[in-house]
Amino acid sequence: MPSVVGLLEQRECAARRRVDELREEADRIQAELAVAERDWNEWVVACSRVGEVLAPGDGGVGGPDLAVDLPDLGEQPVTAGASESAKPKSVVPVWRAGLAWSVLSVDYQRLLRVLTDRDRDGQGPLSCQEMAVCLGLEVVPAKVEALRSKAKRMVARGWLVEPVPSRFSLSPGVAGQGEGW
């Protein structure tokens, strides 16, 4: 008869393999998503350019009889030189030195501000529940999970780090940049 400890170790090993497989799949999907987002942004820019060129009355090529109905692709791509804030539910760009916080939606900027204050006070990483309290949100599962999703997305794009599971702080480069305003 097998021992209880042996059975537990088998189950643990199987669970660890499953976690590793899912992490590999998540990494693959993240990479595929980044490529798809770049492709989508290129099409948004192309449609925008065609719209500018074909717009009647601005001296561009074409005229009223050459007008084309362009599809509404929703939000615009995020660019490093954008002077206004990104629209809600926008794509979080990969962080790089000199990238202003204004490329992020207001929700993401608020999250960065909370973590900046925490970093400035010399305190450690925050959990999602603590972030909810700092942001004045109800500490209910839906709000906490929404924050966790945002924080994980920002970790994947280099804005935040997760030194301990489910605790987040600013990436060193982002922290050194200040508020990026």
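Q: Hi! How many helices and strands does the protein have?
A: The secondary structure comes to five helices and three strands. Helices (H or I, at least four residues) and strands (E, at least two) are DSSP runs, numbered from the N terminus. This is a predicted model, where local features need pLDDT of at least 70 and side-chain atom pairs count only at pLDDT 80 or more, while totals for chains, interfaces and linings use all residues. Residues are numbered from 1 along each chain as its sequence is written, and side-chain values use heavy atoms, with hydrogens and water left out.

Q: Thanks. In what order do the elements run from the N terminus on?
A: They run α-α-β-α-α-β-β-α.

Q: What is the strand order in the sheet?
A: It is an open sheet of three strands in the order β1-β3-β2, with antiparallel pairing. β1 (126-127) and β2 (160-164) stand at the edges with a single partner strand each, so one side of each has no neighbour in the sheet. Two strands pair if DSSP finds at least two bridges between them.

Q: How many bridges hold β1 and β3?
A: β1 pairs with strand β3 (residues 167-170) over two bridges, in the antiparallel sense. Ser127 has Arg167 in β3 as its bridge partner.

Q: And how many for β2 and β3?
A: Three bridges, again antiparallel. Leu160 stands opposite Leu170 in β3, and Val164 is opposite Arg167 in β3.

Q: Which residue takes a positive phi in the hairpin of β2 and β3?
A: That is Ser166, with phi near 65 degrees, in a hairpin that has two residues between the strands.

Q: Switching to charges: how many salt bridges are there?
A: The structure holds seven salt bridges. The term stands for a side-chain nitrogen of Lys or Arg within 4 Å of a carboxyl oxygen of Asp or Glu. Side chains of opposite charge can pair when their charged atoms come close.

Q: How accessible are Arg167 and Glu130?
A: Arg167 counts as partly exposed at 27% relative accessibility, and Glu130 counts as partly exposed at 29%. Buried means under 20% relative accessible area, exposed means over 50%, and partly exposed is in between (1.4 Å probe, protein chains only).

Q: What about Lys152, which residue does it form a salt bridge with?
A: Lys152 forms one with Glu162, where the closest N and O atoms are 2.9 Å apart. This pair links distant parts of the chain, as Lys152 is in helix α4 (residues 141-156) and Glu162 is in strand β2, ten residues apart. Lys152 is partly exposed at 38% relative accessibility, and Glu162 is partly exposed at 24%.

Q: Where do Arg28 and Glu32 lie?
A: Both lie in helix α1, four residues apart, which is about one turn of the helix. Arg28 is partly exposed, with a relative accessible area of 46%.

Q: Which residues gather in the patch of negative charge?
A: Asp20, Glu21, Glu24 and Asp27 gather there, on the surface. Patches are made of residues with over 30% relative accessible area and no salt bridge, with like charges joined within 9 Å and nonpolar side chains (Val, Leu, Ile, Met, Phe, Trp, Tyr) within 5 Å.

Q: Is Glu24 buried or exposed?
A: Glu24 counts as exposed, at 59% relative accessibility. Glu24 is found in helix α1 (residues 4-54).

Q: And Met131, buried or exposed?
A: Met131 counts as buried, at 0% relative accessibility. Its place is in helix α3. The C-alpha atoms of Met131 and Arg148 are separated by 9.4 Å, with the two residues 17 apart along the chain.

Q: Last one: what share of the residues is buried?
A: Buried residues make up 24% of the 181 residues in the protein.

Technical notes: Areas by Shrake-Rupley, 256 points an atom, 1.4 Å probe, with all protein chains shown as cover. Lys, Arg positive; Asp, Glu negative; His and termini not counted. Charge placed at Lys NZ, Arg CZ, Asp CG, Glu CD.
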